[in-house]
Amino acid sequence: MKIWTDGACSGNPGPGGWGAIIRDNGGTREIKGGEPATTNNRMELLAAISALESLPAGTTADLYTDSEYLKGGITAWIHNWKKNGWRTADKKPVKNKELWQRLEAAASAHKVHWHWLRGHVGHAGNERADALAREGMAPFLRR
């Protein structure tokens with residue numbers, strides 16, 4: 001299973017969207033969504049959460065993201081945040097705590113290999129996830 005995720009925001013905060021592509025031997029599935037007032041980081045998290053929550057329990061997946069915040073948070077920083085009572089190294093509350101907790105729960109139901117890739121340089125999965133995120137945001141943009 002391969003997953004590409006991305007989040008987008010028009011203004012930060014502002015209207016935002018997320019998108020994910022889920023590919024396995026059976027084909028490709030695309031999902032997207034958005035919110036009227038959010039941040040890019042929240043959309044990055046929701047893309048990964050939504051993709052992982054849509055999988056059958058026990059799935060092995062490679063998840064690709066262009067968000068260092070997402071990859072660093074779930075693979076490294078979350079351990080200290082939890083140990084420190086959901087506080088950062090400088091003792092401030094962790095932003096998006098409820099989404100980090102939801103992501104951790106979604107990821108723990110699977111075997112996820114997290115991959116960071118540079119965004120907007122032609123990776124087909126990342127480019128399509130970005131397009132889906134923009135589609136998810138579109139209904140919330142002022143016309």
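Predicted model: local features only at pLDDT ≥ 70, side-chain atom pairs only at ≥ 80, totals over all residues.
Student: Let's start with β4; how many of its residues are buried?

Tutor: Strand β4 covers residues 60-65 and is mostly covered, since five of its six residues are buried.

Student: Which sense does it take when pairing with β1, parallel or antiparallel?
Tutor: Strand β1, residues 2-9, and β4 pair in the parallel sense over four bridges, and Trp4 stands opposite Tyr64 in β4.

Student: And how many bridges are there between β4 and β5?
Tutor: There are six bridges between β4 and β5 (residues 111-116), again in the parallel sense, with Thr60 standing opposite Lys111 in β5.

Student: Changing topic, which residues have the most contacts inside the largest nonpolar core?
Tutor: That core has 30 residues, and those with the most contacts inside it are Ile3, Leu45, Leu52, Leu63, Trp100, Leu103 and Trp114. The elements that give two or more residues to this core are β2 (14-24), α1 (40-53), β4, α2 (68-83), α3 (97-108) and β5.

Student: Which element gives the largest share?
Tutor: The largest share of this core comes from α1, which supplies eight residues.

Student: What does Leu45 touch?
Tutor: If residues up to four places away in sequence are not counted, Leu45 touches Tyr69, Leu70, Asn96, Leu99, Trp100 and Leu103.

Student: What lies apart from that core?
Tutor: Another core, of six residues, lies apart from it, and among its members are Trp4, Ile21, Tyr64 and Ala129; Trp4 and Tyr64 are also the residues that stand opposite each other in the pairing of β1 with β4.

Note on methods: Residues numbered from 1 in each chain as written. Heavy atoms only, no water. Buried < 20%, exposed > 50% of the residue type's maximum accessible area, 1.4 Å probe, protein only. Pairing = 2+ DSSP bridges. Core = buried A, V, L, I, M, F, W, Y, C linked by side-chain atoms within 4.5 Å. Contact = heavy atoms within 4.5 Å.
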